[in-house]
Amino acid sequence: FLYPVCGIASLMNYSFGNQGLSYNSLTLILTQAVAGFFLYFISFDSDADTNTTKKSIIFCCIGFLLGWLTTIKFTTSLLLFIVIAIISFGVCLLFQKKSFGTFATHILLLIAGFLLSMISISIIYQSPLKILLNIINTRKQIAGHNTDNLLQMYFEDFEENFFLKFIFNNPIIIISPLVLLILFRNKMNILFSIALISIFSLITKEVINHEHYYKVTAEYHNNTNELYRMLVALFTISFMLIFSDKYSRILILPFIRNSSLFIIGMIFLLLLPFICSFGTNVPLSVHITQFMSFTILMLCLCLLVLSIISNYPHIIFPIGITLLMINTASQIISGFALSPYRLNQPLMKQQYNIPTLTHNKQILFDEETKEFINNIIYTFEKNHIQVNEQPVVIFDYPGLVYLMGALSPGFAWYNGGGYENIYSTHCVVFNSSKMKNIDKTIFLYGNWCPPPKEFVNCIKQKGVDFKENYFIADSIDIPEKLRADDKKGKGKMFFYLPKK
């Protein structure tokens, strides 16, 4: 049953994020593969020497996958390596009663697989060392991505969203595990089963009732994910309390060969969403939603154990899994179809394509967005702008750069305002660009966010004198729903062209 559950839960990556492949999608896929191999390693019997070859292959594969993950998100790769090394040390020496040499062999195989991936990356793409140096150098220039800022943000987020909210806003997190523990230890199996399903049903109802279809992205994530975090906290505490009881371990023993290794596997699954999220300039409480498939799997295993000790596993487990899948499906439907990430209309209203988009004819839009994009294309044509030859900077609308096949200096994510310390990043990226005709760059921006003075002064180094050599060639209306500043009423987009 776990295979379809993991497959369905993986779709939550799309319900909370972009509707196409991104580095988060690749991080999820590679981490799922690493986790699968590593959990398979943990499952081996301690006295079985016949699995040596399998273990060697597993660690080589894990190292190879971690190598590719390094080029996508090196913070996740590094943390995974550390966690896997620590758990492997404990499993080899404490549980499987192997020597330190066995553990060292596993680490060497891990490194061998990693080096093999580095060679393959060099052949297929470019030097991994060059990629890593570029990442490190760029990170220093990107606002909010230095280590101090990230750690401070993570600490404040953990304090507010993982600690204070649960204690003061959700008494169910404290009361429910204690109720389950009391009922279990008094062998009130029927009441225990009823309480377990009731709590699960209550949280499922709360998740479905708290969908915020048209909220700002961060607020939507926080509102919905708080309920998932509550579910995880509740069942983790319940599981740990009840699993610590000797009577419960006797009940579970026929189903789980090694309870200690099972708990280690559960903790590993619990940590994975945080490991995948670390290094991103987004609060962990928001970003872990991208990797909810690990959480759903952990909840399934928690539910399995709790249903076994209830003495009614054939009733409790199917009901619990059904509720969990309703919970998951409701989020996928709302996030993927009813309120797609950063789209202002449901997926069903995205019915119109734009034939004049050279590279993206197959993409569908709602009617209002289609008209807006057609106006931009018409304005480009009217002013003889060649987006595939002249650099284009579109403030606050990076998607338009990709959509129209335009060339943007360095990257597409230029912001017009409201982003602290972001202008130094724009300056470095723009001035380090090797594009031709950069002195003839076209600028588009909304009436709420003219190019910041710091950025205007900085780009003079590239011969782009925005104040003296540019003029407003045209403007178009921006529909209220497409305004990047979320203000009411129509906006204006201005087209700034060089005078000569």
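This is a predicted model: local features need pLDDT of at least 70, side-chain atom pairs count only at pLDDT 80 or more; totals for chains, interfaces and linings use all residues.
1. Salt-bridge count. A search of the whole structure gives two salt bridges. Both are described below.

2. K382 and D474. These side chains form a salt bridge, at 2.8 Å from N to O. K382 belongs to helix α17 and D474 to strand β3 (residues 470-478), so the pair ties together parts 92 residues apart in sequence. K382 is partly exposed, at 43% relative accessibility. D474 is buried, at 17%, because buried means under 20% relative accessible area.

3. K492 and D477. Here the salt bridge is 3.0 Å, N to O. K492 sits in strand β4 (residues 491-498) and D477 in strand β3, so this pair links parts that are 15 residues apart in sequence. K492 is partly exposed, with 33% relative accessibility. D477 is also partly exposed, with a relative accessible area of 37%.

4. Negative patch. E367, E368, E371 and E480 gather on the surface as a patch of negative charge. E368 lies in helix α17 (residues 367-382). Its relative accessible area is 32%, so E368 counts as partly exposed.

5. Helix α3. This helix has 20 residues (residues 23-42). At 1.5 Å a residue it should span 28 Å, and its end C-alpha atoms are 28 Å apart, so the two values agree. Its buried residues are N24, S25, T27, L28, L30, T31, V34, A35, F38, F41 and I42.

Notes
Residues are numbered from 1 along each chain as its sequence is written. Side-chain values use heavy atoms; hydrogens and water are left out. Patches are made of residues with over 30% relative accessible area and no salt bridge: like charges are joined within 9 Å, nonpolar side chains (Val, Leu, Ile, Met, Phe, Trp, Tyr) within 5 Å. Accessible areas come from the Shrake-Rupley method with a 1.4 Å probe; for residues, only the protein chains shown count as cover. A salt bridge is a side-chain nitrogen of Lys or Arg within 4 Å of a carboxyl oxygen of Asp or Glu. Lys and Arg count as positive and Asp and Glu as negative; His and the chain ends are not counted. The place of a charge is taken as NZ of Lys, CZ of Arg, CG of Asp or CD of Glu. Helices (H or I, at least four residues) and strands (E, at least two) are DSSP runs, numbered from the N terminus. Buried means under 20% relative accessible area, exposed over 50%, partly exposed in between (1.4 Å probe, protein chains only). The expected span of a helix is 1.5 Å times one less than its number of residues.
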